[in-house]
Amino acid sequence: MTAVIDQASNLRTMMRSRSRARVIAITSGKGGVGKSNVAVNLAIRLASAGKEVVLLDADLGLANDDVLCNIDLPLNLSHVISRKRELREVLVKGPGGFWLIGGASGLARMADLSDDDRQRLVDALGELEQQSDVILIDTGAGIGPNVLTFTRAADEVLVVTTPEPTAITDAYAVIKVIRRHDGEMDRDNGADASPGRAISLLVNQARSATEAAMVYERISRVARQFLGSGVQDAGYVMSDEHVPTAVRQRLPFVISSPKCPASECITRLAMRLERGIDPAHGEGVGVSAGFFDRMGKWFKRDR
């Protein structure tokens, strides 16, 4: 156990001495709101702006980013943990120039990994954090432990919803759970929460800008009233027939239809996030250590 703590300490020192990636967790309260589609197309847009972008498909039970990109993934993150492959062998170049790390259902119970496997994952992903500008984490939907592990440790969280009442309700539930963990210490694993982490809301499949504004204001108002904190407005993505067509073609819509309304919305989202992405971020608002450094603390539990 001492060796593990020493290794984690060395990793923290390395991260503080070098610039690191900005880590954005993309999540949702329920499935079917287009979260993964947003993640893939956003990764492409950020990469086109000259960023070194990595997309980690962290929906470990239902990973499908590779399907949206028409990529065959013979290897995924499970091969790194099982010591069959190095991380560089799992990275696959995605359309538009971003790097994809495919998820695997076998990682759903990370708490059952050995100490060595936990440290191997932390080391591998910690190195990746030093070599990238942006890491997008496409989490699963809902408020399960696996999802919250990534959202709690990320620098910022992008919550995706649609104008449907059930999606709105579930999006607020996710925001509420994340906010309740802000500023707290997880007594089970000793991981620090990120009190300065920003949470923003993206309204997907909006029929108009007015409808999207109404959805945002509804969630933001309730968050201010009952959680004591606001939610940032990440904008919206228009409902667009080009999107389902692109899914069927297994080609991201920002590539297949770069001038369609949905693509223009993703471009605006990328520009908004770009203003908050600084490769030399290091220590900024509410962020003093790397994502995978904080994730490593979650791994170290008393046995």
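Arg 218 lies in helix H9, helices here being DSSP runs of H or I with at least four residues, numbered from the N terminus. Arg 218 is partly exposed, at a relative accessible area of 42%; buried means under 20%, exposed over 50%, and partly exposed in between, with a 1.4 Å probe and protein chains only.

Please note that this is a predicted model, in which local features need pLDDT of at least 70 and side-chain atom pairs pLDDT 80 or more, while totals for chains, interfaces and linings use all residues. Residues are numbered from 1 along each chain as its sequence is written, and side-chain values use heavy atoms, without hydrogens and water.

What does H9 meet in H8? Val 215, Arg 218, Ile 219, Val 222, Ala 223, Phe 226 and Leu 227 of H9 meet Ile 168, Ala 171, Tyr 172, Ile 175, Lys 176 and Arg 179 of H8, contact being heavy atoms within 4.5 Å. These residues divide into 10 nonpolar, no polar and three charged; Ala, Val, Leu, Ile, Met, Phe, Trp, Tyr, Cys and Pro count as nonpolar, Asp, Glu, Lys and Arg as charged, and the others, Gly among them, as polar. Between Arg 218 and Ile 168, 50 residues apart along the chain, the C-alpha separation is 8.8 Å.

I turn now to helix H12. Helix H12 comprises residues 261-274. Its buried residues are Ala 262, Ser 263, Cys 265, Ile 266, Leu 269, Ala 270 and Leu 273. Why do they lie on the same side of H12? They do so because they cover an arc of only 155° around the axis, taken from the directions from the helix axis to the C-beta atoms.

Methods: Helices (H or I, at least four residues) and strands (E, at least two) are DSSP runs, numbered from the N terminus. The expected span of a helix is 1.5 Å times one less than its number of residues.
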